[in-house]
Amino acid sequence: MERYLTCGAPEHCLSRRSLLAGMLGAGAGLTHVAGLSHFIQPALAADLAAQQKRVLIFFMAGGLSQLESWDPKPNTDTGGPFRAIPTSVPGTHICELLPFTAQQMHRLCLVRGVNTAEDDHGKGAVFMETGRRDSPAQRYPALGSVVSRLVAPPTSALPGYVHIQPGGGGVNKADAAFLGPKFASITIGNGQPPANLLRPGDLTPAADQQRNDVRLKANQRFTARRRTAETEAYGASYDQARQLVERADVFDVTKESAQDQERYGSHDFGRHCLLARRLLEQGLTCVKVTHTNYDSHSENFDFHIEQLGEFDRPFATLIDDLAQRGMLDSTLVIVMSEFGRTPKINHLFGRDHWSKAWSVMLAGCGLQKGAVIGKTNENGTAVVDREVDARHLFHTYLRAVGTDGTANYPGLNRPIPIGDPAGEAIEELLA
Amino acid sequence: MRHNGGSAYLTLVRLRDPTVLGRGRTAMKSSLPAQNRVRWLAAMLARLLPFVPALVCSADEAPRPAPPAAAPLHELVDQQIGAALASKGIAPAARAGDAEFLRRVYLDLTGSIPTLGEAKAFLDDKSPIKRQQLVDRLLNSPEYARQMQRVFDVVLMERRPAQHVGQAPWEEYLRNAFAANKPWDALVREILAADGADPNLRPAARFYLDRGGEPNLLARDVGRLFLGRDMQCAQCHDHPLVATYLQTDYYGLLAFFNRSFLFTPKTEPKAVVFAEKAEGDVAFKSVFVANATDQPARPHLPGEKEADEPQFEKGQEYAVAPADDVRPIPKYSRRSQLPVVLPRGENVAFRRNIANRLWALMMGRGLVHPLDMQHDANPPSHPALLDLLGERFAVMGFDIKAFLRELALSETYQRSSELPPGVEALAAEAFAVAPLKPLSAEQLGLAALQATGITDVYRASLGPTLNEATLHEKVAANLPGFVGVFAGQAGQPEQDFQSTLEQTLFMANGGVLRSWIAPQAGNLVDRLNRVTEPAAVAEQLYLCVLSRLPTAEEAAEFTACLQARAQDRPAAIQEWIWALLASDEFRFNH
Amino acid sequence: MSEEQPTASPPPVPDPTQVRQVKEFKHDRPLFACRIDRTGRYIFTGAEDNLVVRWEIDSDNKVALAGHESWVRAMAFQPAGELLATGDYAGKLCAWRWADGATTPIYQIPAHQGWLRAASASPDGATFATCGNDRFVRLHSAADGKLLRELPGHESHVYNVAFHPSGGQLASCDLKGVVKHWDLSSGTVVRQLDGSLLWKYDSGFHADIGGARGMAFSPDGTWLACAGVTEVSNAFAGIGNAVVALFDWATGERKQVLRPKDNFQGVAWSVAFHPAGFIIAVAGGQHGGALWFFTPAEPNPFFTFKLPAGARDLALHPDGFRLAIAHADGVLRLYDMSPKVTPPPAAAPATTAS
């Protein structure tokens, strides 16, 4: 076994010299390392857009009902009151609550045979997001942190993993687990930019520049004979922060056109979808949008009308926009929950937690367009064909973004396989 | 409770005998080269029986140099590190200057940087033994106990939130232990024996209680934190590559805990204790072996034998039988065997783990690194030295203060962090140059408070009531902001250094730091604003923030800046303070 | 749902305190709606399927009426006519000749986008009013279903609609508890009544819960009752209290909040005025169902009867003694309030409704 004595984190491999070269190449000022970031170089954007893989996760918090969305069973004892509607893929029907999404079905694929056998919100979310069953002794990183570590360009000024949700912002270090807080999600709560992104009012750009010059000079002296991977990383993070401060409007959805804002809708989720598009376009690697809430133990149908009524159009608009802009082929889109909901309708018109037979929607990144993988029985109570769980899905996500989930994480000081060795990718979904 | 020296000696001798070891594993054998064994015995006997060394030497027929036990440990450290460097032809870095040593040892032993007065006094001190005097003074300060409390809080709890034991009593427990210099084995014995029922020792039960009493988590963390072995990957199968990482060993540790559970009395729901049943067995099978059958595992430490257990007739297993709202007490407690067998000087893994952890605390990385990856395939950089440190620490009665003192006095610790001229790089595991140790979240916050003079403002405000405790109370109120941003994720081992966007934005634009460098009566910027002579301003600025005098070049630049910015001199001074706080030199303990 | 009042006379003198189950009709899906025809011969139900079922009370004869495309919650009889209007969650309105047992509707029209939640017949029988999730109230010709008028203005799902006994006025209530009083000659909103106690935006779940699940005018038109749920603390677990808001129609003021003392956890799904002057409400929740009898003068019921399962709809029999309740366990239960032996003196105060 090799000795894991060196840190293989990509930022550590990056030499100061290359940073400076990039900076000069971009013709920027002395302390601006503009060459680091592709998002401020439109000329490069198209190229990178084609090469760089991105991930867009919709997390339907609480547990989206598969019967009211991807796997309707109309006119059965479990089907509920809604009808199934045809989609842009002949023969594939989804619930009538998703009319706009139905028109995008030729770009999407459905995995209808998900059996995760985990009916607890917390554990279900961990399983779905990390591809590993929740274990008290070991937490694994969430998909967004994994791609932030493995797929995000190490030199980007943008954070690798941004989570957009209603409510508060902050950094969720738990997401990154042993990968470290650098790969944690930065939460954009209700569209607010990350904490301290905006320069305080009493600090002029000129004063900021001056103090930064002093810092750089001090560092130059200190590191002349002390340069380490750690000092490189520390310095690079200041460069990154300074760049991002200059481009704080990356997080400002109001900079999008009025027409687009109208297309996405004036509610929070519409704005969040438009912000997700903006961030992905600027080169951010993983965006997770949480839509809440679907945990409808009572009046499931009313609540799904309300929530999916909000979800459908902005989601479909975003899929369409990504496709129109040529980004869908390099962007993996996932619609997931902790679990699905019980086929049995309870006496409060609710559906409870159900992980035995539910659906996940995927799109983009070369996944089979319009595919339906897996099948449930007539009233949706069991998987009858191509049963998969979160481990298979996780391996599939990784393969889609060009990463081998059966390998160990690079740069860790112990051997940890990226995906659960007990799972494997859903090959027929991969092109 | 302390070990009786004599019996410890006998046990050690028995353990050295491979026939006593029984299933003697590679790790045990390879860790005991003959020469070390003799050295260890000599050290042991030198301490316990002053008249014995001659006997040992005469008993050893091979010609050998004078007993190394005569030399202080810090000299042995330097000998071994030096010999390794010499064998590789590596020239180590020069000795650290006084200022570099000063800042380093303050941060390591007190968690913060020196005050202006302390820095000046040390730099002006002409005594040839001033470094030793400083080490001794710091080790005996209340700040030392609090710093060790912070360090071991993170080591033992890994920033888990308090659930059943408050953070404050836990910290007090740890601080008292380090203030009293409680030996490590005694501290661990207390922690592993605590169940939360004894009010005096309830804080010690936090290790168990705030991990929810979860057996797998406890098995893993006891292995990692007290034995230096992360057995996680042995949960499902024998380690495919490491011969001594066996599934049976993971389950042997688990078996100490699998009967334990958190018991919540109905009448007193907050008085959760760690209780145990008399039944419940552990069995495992490898996921790699098709159709594997379950193998039972009884409690045992990795590499050791399963102990025999008393058997009771059915119905006779309990001293207090389980009943509604009654905490059961088994006649034979598996868990209570752990504090008996684990924290012992004879336990090689136990003593090597703590020696390695304390070494890493001072030297920036372990002799085995990562600290919880002690196994055959990840050998120490200096195997004999690690053996020596473990053995000597055990012989010293696990006296943490004395051990840290030896490390601090070593030349290895006191090297400069600057590479020698002409050398482009040195491997960290050679210990040829002082490492750059990232400040912990708390160190960074405390150092920034001291640097900006906020701590001085508190000192002045406390007047006659000033002492470590009253000052801490004031200062600590400022720390949550820093800790929230700079600390690692709860439940994860401390990671390799990372600098996050959140942290850098906090430093660059955050209100906390900005308020500290805005003028207020008595803080650094305020004091500097009242000094007219630029050279004097520069001197105080560098001493306060970086614990050193400015170089001539730095002083000249600073002076030129102040002269050029006579119009907005205070703003210029603030910019410099910020720049030094945000510099690499401040971020790392170098 | 609006409750068509029976026209039987003279007013019976039932004793609610002696209410007891007298019959069960079992369906294979949870029931959702029920109405009794003016002759008292049939009970019609809607359920968690796409069927309307006609149950003959005396014979147990069961006829399933097909034509709907989703669950049927809305039901309204022409007060004196031959037609039963039913509406489903696909937005479809069907009309049936209820007496002849024909299993196909005489007409079916797409009346709403999305759920058609409630229907009411005008006192003269010429008009069916419907409402639904498309936020419209619509008036249809009872004879052929033709759209007569659209009443736009609600800003959320319209949960219920009821004709005032005078005929020229209509009340509708939406998800947020906005009650609109429509003048039917002009099609305009006369005023709005504040039923917002029936609504809550649950900020934890980012969702609304509310609406008048049941709605009825008193036979003399002086009271409007809206049944639903209030003080919701957890919308998604269904934790809130069943309630009936009682409005004085003359002034539009909310005069009474009817609810059991024990704060029944659940939803009041239906409310009806008995010609004798008391108010009947049924509810279903986490812990089963309840049947309450109120007077307009008191906030708490003067009698409570525990039901074996959650109740979702209520229909009065024209004899004034019996009532049918549609239950979540798929059982339609018939109850009897007639005095068992000797009529108790003034079992229910009849003053307020006179």
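**View 1. Overall make-up of chain A.** Chain A contains twelve helices and 15 strands. Of the 431 residues in chain A, 56% are buried. Contacts in chain A between residues at least 6 apart in sequence are joined in 70% of cases by residues at least 24 apart.

**View 2. The contact between chain A and chain B.** Chain A contributes 50 residues to this contact and chain B contributes 51 residues. On the side of chain A that touches chain B, helix H7 (205–223) and helix H8 (229–246) of chain A each provide at least two residues. H8(A) gives the most to that side, with ten residues. Sorted by class, the side of chain A that touches chain B comprises 27 nonpolar, twelve polar and eleven charged residues.

**View 3. Packing of helix H6 of chain B on helix H18 of chain B.** Helix H6 (residues 73–88) and helix H18 (residues 383–395), both of chain B, pack with their axes 10 Å apart and at an angle of about 170 degrees. Because of this angle, H6(B) is roughly antiparallel to H18(B). From H6(B), the residues in contact are Leu73(B), Leu76(B), Val77(B) and Gln80(B). Their counterparts in H18(B) are Ala384(B), Leu385(B), Leu388(B) and Arg392(B). The residues of this contact of H6(B) with H18(B) comprise six nonpolar, one polar and one charged. An α-helix has 3.6 residues a turn, so residues three or four places apart point the same way.

**View 4. The enclosed helix H15 of chain B.** Helix H15 (residues 247–254) of chain B is largely enclosed by the rest of the structure, because seven of its eight residues are buried. The buried residues in H15(B) are Gln247(B), Asp249(B), Tyr250(B), Tyr251(B), Gly252(B), Leu253(B) and Leu254(B). These buried residues of H15(B) pack against helix H14 (215–227) of chain B, as well as against strand E3 (282–284) and strand E4 (295–297) of chain B.

**View 5. Confidence along chain B.** The mean pLDDT of chain B is 88, and 88% of the residues of chain B reach 70 or more. Over residues 1–67 of chain B, by contrast, pLDDT stays under 50. For residues 1–67 of chain B the model has 66 contacts beyond four places in sequence. Where pLDDT is low, the predicted coordinates should not be read in detail.

Definitions and conventions. Residues numbered from 1 in each chain as written. Chains lettered and ligands numbered in written order. Predicted model: local features only at pLDDT ≥ 70, side-chain atom pairs only at ≥ 80, totals over all residues. Axes fitted to C-alpha atoms, helices over the stretch in contact; angles between N-to-C directions. Helix = DSSP H or I, 4+ residues; strand = E, 2+ residues; numbered from the N terminus. Parallel < 35°, antiparallel > 145°, perpendicular 65-115°, else oblique. Contact = placed C-beta atoms within 7 Å. Nonpolar A, V, L, I, M, F, W, Y, C, P; charged D, E, K, R; others polar. pLDDT = per-residue confidence, 0-100. Buried ≥ 20, exposed ≤ 12 C-beta atoms within 10 Å, placed from the backbone.
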